[in-house]
Amino acid sequence: MKVFVTGGDGMLGSNLVRELLSRDYKVTVMTQPGRETGTLDGLNISKVDGDLLNPESLADITKNHDTVIHVAASTSIWPLRNEIVTKVNIDGTKYLLDAAVQNGVKKFIHVGTANTFGFGTKENPGREGNPYKADKYGMDYMDSKYKAHQLVLSYCDKIDATIVNPTFMMGAYDSAPSSGAMIVAIHDGKVPVCSPGGRNYICVKDVAVAIANAITMGRKGESYVLGNENLSYKEAFGKMGKVTGKKAPSKVLPKWMILLYGRLGSFGARITGKAPTVSYPMAQISCDEHYFTAQKAIDELKLPQTPIEEGMTECFEWLKEHNYIKA
(Lines give C-alpha, C1' and ligand atoms only; values in the text may rest on other atoms or scores of the structure.)
Protein backbone atom coordinates (compact mmCIF):
# COMPACT_ATOMS: atom_id res chain seq x y z
CA MET A 1 0.00 0.00 0.00
CA LYS A 2 1.21 3.48 -0.87
CA VAL A 3 0.49 6.16 1.72
CA PHE A 4 0.86 9.92 1.21
CA VAL A 5 1.45 11.97 4.38
CA THR A 6 1.39 15.74 4.87
CA GLY A 7 3.14 17.18 7.92
CA GLY A 8 5.33 14.10 8.18
CA ASP A 9 8.26 15.95 9.74
CA GLY A 10 6.41 17.21 12.82
CA MET A 11 6.19 15.32 16.10
CA LEU A 12 3.06 13.38 15.19
CA GLY A 13 4.09 12.95 11.57
CA SER A 14 7.53 11.62 12.49
CA ASN A 15 6.00 9.00 14.78
CA LEU A 16 3.31 8.15 12.22
CA VAL A 17 5.79 7.67 9.38
CA ARG A 18 7.78 5.22 11.50
CA GLU A 19 4.61 3.31 12.39
CA LEU A 20 3.61 3.08 8.72
CA LEU A 21 7.07 1.85 7.75
CA SER A 22 6.91 -0.82 10.45
CA ARG A 23 3.85 -2.18 8.59
CA ASP A 24 5.75 -2.27 5.29
CA TYR A 25 3.75 0.53 3.71
CA LYS A 26 5.43 2.62 1.04
CA VAL A 27 5.41 6.16 2.38
CA THR A 28 5.60 9.49 0.58
CA VAL A 29 5.99 12.60 2.74
CA MET A 30 5.12 16.05 1.46
CA THR A 31 7.54 18.66 2.78
CA GLN A 32 7.77 22.42 2.36
CA PRO A 33 10.62 23.53 0.08
CA GLY A 34 13.68 24.48 2.14
CA ARG A 35 12.21 23.22 5.42
CA GLU A 36 14.49 21.30 7.79
CA THR A 37 13.26 17.71 8.06
CA GLY A 38 15.89 16.17 10.33
CA THR A 39 13.41 13.96 12.17
CA LEU A 40 13.01 11.96 8.94
CA ASP A 41 16.70 11.46 8.22
CA GLY A 42 17.68 7.91 7.34
CA LEU A 43 14.13 6.64 6.80
CA ASN A 44 13.20 4.65 3.70
CA ILE A 45 10.64 7.14 2.41
CA SER A 46 10.04 9.31 -0.63
CA LYS A 47 10.00 13.07 -0.12
CA VAL A 48 8.22 15.51 -2.41
CA ASP A 49 8.06 19.28 -2.18
CA GLY A 50 4.53 20.56 -1.95
CA ASP A 51 2.31 23.43 -0.92
CA LEU A 52 -1.18 23.01 0.53
CA LEU A 53 -2.22 26.24 -1.14
CA ASN A 54 -1.16 25.08 -4.61
CA PRO A 55 -3.98 22.84 -5.91
CA GLU A 56 -2.14 21.92 -9.11
CA SER A 57 0.91 20.61 -7.27
CA LEU A 58 -1.28 18.57 -4.90
CA ALA A 59 -3.09 16.95 -7.79
CA ASP A 60 0.23 15.92 -9.27
CA ILE A 61 2.05 14.59 -6.19
CA THR A 62 -0.89 12.60 -4.76
CA LYS A 63 -1.22 10.44 -7.90
CA ASN A 64 -0.85 6.67 -7.51
CA HIS A 65 -1.42 6.60 -3.75
CA ASP A 66 -3.96 4.42 -1.96
CA THR A 67 -4.28 6.50 1.20
CA VAL A 68 -3.78 10.17 2.05
CA ILE A 69 -3.19 11.13 5.70
CA HIS A 70 -3.49 14.86 6.29
CA VAL A 71 -1.47 15.79 9.38
CA ALA A 72 -0.17 19.23 8.37
CA ALA A 73 -1.82 22.33 9.83
CA SER A 74 -1.00 25.86 10.88
CA THR A 75 -1.06 25.90 14.68
CA SER A 76 -0.28 29.58 15.20
CA ILE A 77 -2.33 31.11 18.02
CA TRP A 78 -1.10 34.71 17.67
CA PRO A 79 -2.51 36.90 16.34
CA LEU A 80 -5.82 35.40 17.34
CA ARG A 81 -7.34 36.17 13.95
CA ASN A 82 -4.90 35.13 11.25
CA GLU A 83 -5.78 34.82 7.56
CA ILE A 84 -2.96 32.40 6.74
CA VAL A 85 -4.11 30.01 9.48
CA THR A 86 -7.58 29.95 7.95
CA LYS A 87 -6.24 29.49 4.42
CA VAL A 88 -3.89 26.65 5.31
CA ASN A 89 -6.29 24.77 7.57
CA ILE A 90 -9.46 25.16 5.51
CA ASP A 91 -8.48 25.92 1.91
CA GLY A 92 -5.46 23.62 2.11
CA THR A 93 -7.66 20.77 3.34
CA LYS A 94 -10.14 21.38 0.50
CA TYR A 95 -7.41 21.37 -2.14
CA LEU A 96 -6.00 18.12 -0.76
CA LEU A 97 -9.45 16.53 -0.68
CA ASP A 98 -10.05 17.61 -4.28
CA ALA A 99 -6.71 16.12 -5.33
CA ALA A 100 -7.49 12.84 -3.55
CA VAL A 101 -10.93 12.60 -5.18
CA GLN A 102 -9.49 13.45 -8.59
CA ASN A 103 -6.84 10.73 -8.28
CA GLY A 104 -9.14 8.02 -6.98
CA VAL A 105 -7.52 7.74 -3.55
CA LYS A 106 -9.24 4.97 -1.62
CA LYS A 107 -8.91 6.36 1.91
CA PHE A 108 -8.54 9.90 3.30
CA ILE A 109 -7.63 10.35 6.97
CA HIS A 110 -7.81 13.85 8.40
CA VAL A 111 -6.05 14.73 11.65
CA GLY A 112 -8.16 17.23 13.51
CA THR A 113 -8.24 18.17 17.18
CA ALA A 114 -10.30 16.93 20.11
CA ASN A 115 -11.40 20.51 20.77
CA THR A 116 -13.64 20.27 17.71
CA PHE A 117 -15.96 18.58 20.21
CA GLY A 118 -17.20 20.10 23.42
CA PHE A 119 -14.90 19.29 26.33
CA GLY A 120 -16.17 18.13 29.71
CA THR A 121 -15.26 17.25 33.27
CA LYS A 122 -13.51 14.17 34.62
CA GLU A 123 -16.90 12.86 35.70
CA ASN A 124 -18.56 13.66 32.36
CA PRO A 125 -15.76 13.97 29.77
CA GLY A 126 -16.21 15.32 26.27
CA ARG A 127 -16.78 12.90 23.41
CA GLU A 128 -17.54 12.69 19.72
CA GLY A 129 -20.75 14.51 18.84
CA ASN A 130 -20.58 17.07 21.64
CA PRO A 131 -21.29 20.56 20.24
CA TYR A 132 -18.27 22.76 19.53
CA LYS A 133 -17.46 25.05 22.48
CA ALA A 134 -13.99 26.43 21.71
CA ASP A 135 -15.40 29.29 19.62
CA LYS A 136 -15.59 31.25 22.87
CA TYR A 137 -11.80 31.73 22.69
CA GLY A 138 -11.97 33.70 19.43
CA MET A 139 -8.96 31.94 17.90
CA ASP A 140 -8.70 31.20 14.19
CA TYR A 141 -6.62 28.11 14.91
CA MET A 142 -9.41 26.32 16.77
CA ASP A 143 -12.20 27.72 14.60
CA SER A 144 -10.41 26.75 11.39
CA LYS A 145 -9.81 23.20 12.60
CA TYR A 146 -13.51 22.90 13.42
CA LYS A 147 -14.48 24.17 9.96
CA ALA A 148 -11.96 21.84 8.28
CA HIS A 149 -13.53 18.95 10.19
CA GLN A 150 -16.96 19.84 8.81
CA LEU A 151 -15.48 20.19 5.34
CA VAL A 152 -14.05 16.66 5.42
CA LEU A 153 -17.41 15.28 6.50
CA SER A 154 -19.06 17.03 3.54
CA TYR A 155 -16.77 15.09 1.16
CA CYS A 156 -17.82 11.65 2.42
CA ASP A 157 -20.14 11.22 -0.54
CA LYS A 158 -17.06 11.46 -2.78
CA ILE A 159 -14.36 9.65 -0.80
CA ASP A 160 -13.96 7.26 2.14
CA ALA A 161 -12.88 9.78 4.80
CA THR A 162 -12.22 9.26 8.50
CA ILE A 163 -11.29 11.95 11.03
CA VAL A 164 -9.07 11.43 14.08
CA ASN A 165 -9.01 14.01 16.85
CA PRO A 166 -5.98 13.82 19.15
CA THR A 167 -5.79 15.49 22.54
CA PHE A 168 -2.47 16.82 23.95
CA MET A 169 0.34 14.60 22.64
CA MET A 170 3.74 13.98 24.21
CA GLY A 171 6.69 11.94 22.99
CA ALA A 172 9.84 11.83 20.89
CA TYR A 173 10.73 13.80 17.73
CA ASP A 174 9.32 17.06 19.14
CA SER A 175 11.69 19.24 17.16
CA ALA A 176 9.79 22.54 17.54
CA PRO A 177 9.50 21.83 20.51
CA SER A 178 5.72 21.99 20.83
CA SER A 179 4.24 20.11 23.78
CA GLY A 180 7.82 19.43 24.86
CA ALA A 181 8.20 23.13 25.65
CA MET A 182 6.32 22.38 28.85
CA ILE A 183 8.89 19.73 29.77
CA VAL A 184 11.68 22.23 29.10
CA ALA A 185 9.96 24.87 31.24
CA ILE A 186 9.46 22.46 34.16
CA HIS A 187 13.10 21.35 33.90
CA ASP A 188 14.33 24.94 33.86
CA GLY A 189 12.15 26.01 36.78
CA LYS A 190 10.14 28.49 34.72
CA VAL A 191 6.70 27.30 35.83
CA PRO A 192 6.25 28.69 39.36
CA VAL A 193 2.51 28.08 39.72
CA CYS A 194 -0.37 26.06 38.25
CA SER A 195 -3.59 27.27 36.66
CA PRO A 196 -6.81 25.64 37.87
CA GLY A 197 -7.76 23.84 34.64
CA GLY A 198 -6.63 20.62 33.02
CA ARG A 199 -6.56 18.61 29.81
CA ASN A 200 -6.35 15.14 28.33
CA TYR A 201 -2.89 13.74 27.54
CA ILE A 202 -1.78 10.90 25.28
CA CYS A 203 1.51 9.41 24.11
CA VAL A 204 2.09 10.47 20.52
CA LYS A 205 3.19 6.96 19.55
CA ASP A 206 -0.28 5.71 20.55
CA VAL A 207 -1.87 8.28 18.26
CA ALA A 208 0.35 7.06 15.44
CA VAL A 209 -0.83 3.48 15.97
CA ALA A 210 -4.49 4.51 15.92
CA ILE A 211 -4.06 6.55 12.73
CA ALA A 212 -2.34 3.65 10.99
CA ASN A 213 -5.12 1.35 12.19
CA ALA A 214 -7.71 3.80 10.82
CA ILE A 215 -6.56 3.00 7.28
CA THR A 216 -8.42 -0.31 7.54
CA MET A 217 -10.51 0.08 10.70
CA GLY A 218 -11.75 3.68 10.50
CA ARG A 219 -15.36 3.93 9.38
CA LYS A 220 -16.37 6.33 6.63
CA GLY A 221 -17.69 9.61 7.99
CA GLU A 222 -16.76 8.78 11.57
CA SER A 223 -14.65 10.82 13.99
CA TYR A 224 -12.51 9.46 16.80
CA VAL A 225 -11.13 11.28 19.84
CA LEU A 226 -7.60 9.97 20.46
CA GLY A 227 -6.77 10.52 24.10
CA ASN A 228 -5.84 8.85 27.36
CA GLU A 229 -5.36 10.47 30.78
CA ASN A 230 -7.38 13.42 32.11
CA LEU A 231 -5.09 15.40 34.39
CA SER A 232 -5.26 18.77 36.12
CA TYR A 233 -2.25 20.95 35.40
CA LYS A 234 -1.05 20.34 38.95
CA GLU A 235 -1.21 16.57 38.35
CA ALA A 236 0.47 16.81 34.94
CA PHE A 237 3.25 19.09 36.20
CA GLY A 238 3.84 16.70 39.08
CA LYS A 239 4.42 13.85 36.63
CA MET A 240 6.74 16.05 34.54
CA GLY A 241 8.67 16.96 37.67
CA LYS A 242 9.28 13.30 38.44
CA VAL A 243 10.40 12.64 34.86
CA THR A 244 12.82 15.58 34.80
CA GLY A 245 14.00 15.21 38.39
CA LYS A 246 12.97 18.77 39.15
CA LYS A 247 10.59 20.28 41.68
CA ALA A 248 7.17 20.81 40.12
CA PRO A 249 4.90 23.71 41.05
CA SER A 250 2.18 22.84 43.54
CA LYS A 251 0.42 26.16 44.16
CA VAL A 252 -2.75 26.63 42.12
CA LEU A 253 -3.65 30.26 41.44
CA PRO A 254 -7.32 31.29 41.49
CA LYS A 255 -9.07 31.65 38.15
CA TRP A 256 -9.57 35.41 38.48
CA MET A 257 -5.84 35.97 38.89
CA ILE A 258 -4.97 33.87 35.81
CA LEU A 259 -7.58 35.71 33.71
CA LEU A 260 -6.34 39.11 34.89
CA TYR A 261 -2.79 38.15 33.89
CA GLY A 262 -4.08 37.12 30.47
CA ARG A 263 -5.98 40.40 30.01
CA LEU A 264 -2.85 42.36 30.86
CA GLY A 265 -0.88 40.24 28.37
CA SER A 266 -3.36 40.89 25.56
CA PHE A 267 -3.50 44.61 26.41
CA GLY A 268 0.28 44.89 26.33
CA ALA A 269 0.42 43.03 23.01
CA ARG A 270 -1.96 45.52 21.41
CA ILE A 271 0.33 48.35 22.49
CA THR A 272 3.68 46.77 21.59
CA GLY A 273 2.62 44.63 18.64
CA LYS A 274 4.54 41.70 20.15
CA ALA A 275 3.03 38.32 20.98
CA PRO A 276 2.23 38.06 24.70
CA THR A 277 3.61 35.34 26.92
CA VAL A 278 0.01 34.63 27.91
CA SER A 279 -2.95 36.11 26.03
CA TYR A 280 -6.46 36.32 27.46
CA PRO A 281 -7.72 33.33 25.43
CA MET A 282 -4.69 31.29 26.56
CA ALA A 283 -5.55 32.21 30.15
CA GLN A 284 -9.15 31.12 29.57
CA ILE A 285 -8.00 27.79 28.14
CA SER A 286 -5.70 27.17 31.11
CA CYS A 287 -8.63 27.66 33.49
CA ASP A 288 -11.02 25.31 31.67
CA GLU A 289 -11.21 21.55 31.97
CA HIS A 290 -10.49 20.08 28.54
CA TYR A 291 -11.27 16.51 29.48
CA PHE A 292 -12.29 13.79 27.01
CA THR A 293 -12.96 10.08 26.72
CA ALA A 294 -11.40 8.03 23.92
CA GLN A 295 -13.51 4.91 24.42
CA LYS A 296 -14.80 4.91 20.84
CA ALA A 297 -11.24 4.88 19.45
CA ILE A 298 -10.19 2.22 21.96
CA ASP A 299 -13.06 0.02 20.79
CA GLU A 300 -12.88 0.64 17.04
CA LEU A 301 -9.28 1.66 16.29
CA LYS A 302 -7.56 -0.36 19.02
CA LEU A 303 -6.05 2.86 20.39
CA PRO A 304 -3.30 1.93 22.91
CA GLN A 305 -3.35 3.52 26.37
CA THR A 306 0.32 3.76 27.31
CA PRO A 307 0.83 5.59 30.65
CA ILE A 308 1.55 9.24 29.88
CA GLU A 309 4.73 9.12 31.99
CA GLU A 310 6.24 7.02 29.21
CA GLY A 311 5.50 9.69 26.61
CA MET A 312 6.87 12.38 28.91
CA THR A 313 10.04 10.37 29.47
CA GLU A 314 10.53 9.75 25.76
CA CYS A 315 10.03 13.45 25.11
CA PHE A 316 12.50 14.42 27.84
CA GLU A 317 15.16 11.98 26.65
CA TRP A 318 14.78 13.07 23.02
CA LEU A 319 15.01 16.75 23.96
CA LYS A 320 18.16 16.08 26.01
CA GLU A 321 19.74 14.07 23.20
CA HIS A 322 19.14 16.90 20.75
CA ASN A 323 20.35 19.66 23.10
CA TYR A 324 17.00 21.33 23.77
CA ILE A 325 17.66 20.64 27.44
CA LYS A 326 21.04 21.27 29.00
CA ALA A 327 22.25 18.90 31.69
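Visitor: Which residues point one way from S5, and which point the other way?

Guide: Lys107, Ile109 and Val111 go one way, Phe108 and His110 go the other way, and all are buried. Before we go on, this is a predicted model, where local features need pLDDT of at least 70, side-chain atom pairs count only at pLDDT 80 or more, and totals for chains, interfaces and linings use all residues. Residues are numbered from 1 along each chain as its sequence is written, and side-chain values use heavy atoms, with hydrogens and water left out.

Visitor: What makes S5 mostly covered?

Guide: Five of its five residues are buried. Buried means under 20% relative accessible area, exposed means over 50%, and partly exposed is in between, using a 1.4 Å probe and protein chains only.

Visitor: What makes S3 and S9 the edge strands?

Guide: The open sheet has seven strands in the order S3-S2-S1-S4-S5-S6-S9, with parallel pairing. Strand S3 (46-49) and strand S9 (223-226) each pair on one side only. Inside the sheet, five bridges join strand S1 (residues 2-6) to strand S2 (residues 26-31), and Val5 has Val29 in S2 as its bridge partner.

Visitor: Why is Glu19 called buried?

Guide: Its relative accessible area is 19%, and the cut-off is under 20%, so Glu19 is buried by that rule. Glu19 sits in helix H1 (residues 11-22). Leaving aside neighbours within four places in sequence, Glu19 is in contact (heavy atoms within 4.5 Å) with Ala208, Val209 and Ala212.

Visitor: And why does Ala134 count as buried?

Guide: Ala134 has 1% relative accessibility, so it counts as buried. This residue is in the loop between S5 and H4. Leaving aside neighbours within four places in sequence, Ala134 is in contact with Asn115, Met142 and Asp143.

Visitor: Why does Pro33 count as exposed?

Guide: Pro33 is at 60% relative accessibility, and exposed means over 50%, so it qualifies. Pro33 lies in the loop between S2 and S3. Not counting residues up to four places away in sequence, Pro33 touches Asp49 and Gly50.

Visitor: Why does Leu264 count as exposed?

Guide: Leu264 has 55% relative accessibility, so it counts as exposed. Leu264 is in helix H8 (residues 255-272).

Visitor: Why is helix H9 largely enclosed by the rest of the structure?

Guide: Seven of the eight residues of helix H9 (residues 280-287) are buried, so the rest of the structure largely encloses the helix. The buried ones are Tyr280, Pro281, Ala283, Gln284, Ile285, Ser286 and Cys287. What covers the buried residues of H9 includes H4, strand S8 (198-203), helix H7 (233-244), H8 and strand S11 (289-290).

Notes. Two strands pair if DSSP finds at least two bridges between them. Helices (H or I, at least four residues) and strands (E, at least two) are DSSP runs, numbered from the N terminus.
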